[in-house]
Amino acid sequence: LKRMAAEEIRSVHRAPACLCVFCGLPAAGKSTLARDVLRTALLEGWRSAVVAYDNLIPDYAFRAKVIDDGVNLQESHTEWKSHRRAVLQCIDQFWGEARGSVQLPDSCQINRAAWERCVQGLPQVGAADGLSQEPLVFLMDDNFYYSSMRYEVYQLARKYSLGFCQVYLHCDLESCISRNERRSEPVLPKVIREMEMRLEPPNPEKNFWEKNSISLSSSGVLSTFSSQRVMELISTALCDPLSPVKDNTEQSEADRLRCATNVLHQADQACRRLISEAMKTAKGSRVSSSHMRTLSAQLSESKATFLHDLR
């Protein structure tokens, strides 16, 4: 099956590279699957690399702020947005400008050594020489819980007529929290719960640009079949390169995503102000510490539900 997929790529006009996004909750199995796909791709002769955001972006950028009403995930998203864009900037330069010898800008907000390790096994390549070589595949490993995060990767793929696809790892919340606790540097459970409330899985029926997407259940152990499905998905995306021509549909989609993100941010800020006032009022009324904690948890849950429904 894998040989047939490889022959299919060689026999038709294909994209010189593909950006494959792995998305899902922390500890859903994204990194494990990405490494499995990397091994399979290398056996097929594909030039491949795992772009692990956890390694590339400094630790402080991931630290969600914990405040009276819970986890301020929205503000954290805003703060480390520039770090994620720096990762895409490096791929942009690698492909389009630096011809494989990327010069990171002084203000680059990623780990330089980690980036060099990421691409050290890749040959120098530019946008003009892809058709004569085996495909180049970047496996993008991050949570990507907002569709707007994934859309930025799509835009970069479209800029150079590359392939684009998405793999959503669906894992139940409690399994993710349990796995996360066994990590050397676990994510706060309340962060995972908040992220689960805000998670926007790929939705091809709603978003035209998410058509090349699959969903894999990762509550159990991922099988070899999962890697094969991802390889087939990448093969399909390589045979369906994106058009760099901008149209009103894409612009409308970009505007919609920006508007939705802005509305959610404003609603989140308003909720936080109201909750803060409620907590101050309760404190002034000399409510006990245990009741304060209960009230904080209830208000935080109500806020998360409201934002989820608003989205």
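This report covers a sheet, a core and a helix pair in a predicted model.

## The sheet

Five strands form an open sheet in the order S2-S5-S1-S6-S7. The pairing is parallel. Strand S2 (47-52) and strand S7 (213-217) are the edge strands, each pairing on one side only. On average, neighbouring strands are turned by 20 degrees against each other, direction ignored.

Helix H2 (residues 30-43) packs on this sheet. H2 touches S1, S2, S5, strand S6 (163-170) and S7. The direction of H2 makes about 165 degrees with that of S2.

## Strand pairs

Strand S1 (residues 17-23) runs parallel to strand S5 (residues 136-141), and six bridges join them. Within this pair, Cys20 has Leu139 of S5 as its bridge partner.

S1 also pairs with S6, in the parallel sense, over six bridges. Here Phe22 stands opposite Val167 in S6. S6 in turn pairs with S7 in the parallel sense, over five bridges. Tyr168 stands opposite Ser215 in S7.

In a regular strand, side chains alternate between the two faces of the sheet.

## The buried strand and the core

Is S6 enclosed or open to the outside? Seven of its eight residues are buried, so S6 is largely enclosed by the rest of the structure.

The largest nonpolar core holds 75 residues. Those with the most contacts inside this core are Phe22, Phe138, Met140, Val167, Val230 and Ile234.

What does Phe22 contact, leaving aside its neighbours within four places in sequence? Its contacts include Lys30, Leu33, Ala34 and Val37. Leu139, Met140, Asp141, Asp142 and Phe144 are also among them. Val167, Leu169 and Val230 are in contact with Phe22 as well.

## Helices H9 and H12

Helix H9 (residues 189-198) and helix H12 (residues 289-310) have axes that come within 8 Å. The axes cross at roughly 25 degrees. That angle makes H9 roughly parallel to H12, because angles under 35 degrees count as such.

Which residues of H9 meet H12? Glu194, Met197 and Arg198 do. On the H12 side, the residues are Lys303, Ala304, Thr305, Leu307 and His308. The contact divides into three nonpolar, two polar and three charged residues.

Note on methods
Residues are numbered from 1 along each chain as its sequence is written. This is a predicted model: local features need pLDDT of at least 70, side-chain atom pairs count only at pLDDT 80 or more; totals for chains, interfaces and linings use all residues. Side-chain values use heavy atoms; hydrogens and water are left out. Axes are lines fitted to C-alpha atoms, for helices over the stretch in contact, and angles run from 0 to 180 degrees between N-to-C directions. Helices (H or I, at least four residues) and strands (E, at least two) are DSSP runs, numbered from the N terminus. Angles under 35 degrees count as roughly parallel, over 145 as roughly antiparallel, 65 to 115 as roughly perpendicular and the rest as oblique. Contact means heavy atoms within 4.5 Å. Ala, Val, Leu, Ile, Met, Phe, Trp, Tyr, Cys and Pro count as nonpolar, Asp, Glu, Lys and Arg as charged, and the others, Gly among them, as polar. Two strands pair if DSSP finds at least two bridges between them. A nonpolar core is a set of buried Ala, Val, Leu, Ile, Met, Phe, Trp, Tyr and Cys residues joined through side-chain atoms within 4.5 Å. Buried means under 20% relative accessible area, exposed over 50%, partly exposed in between (1.4 Å probe, protein chains only).
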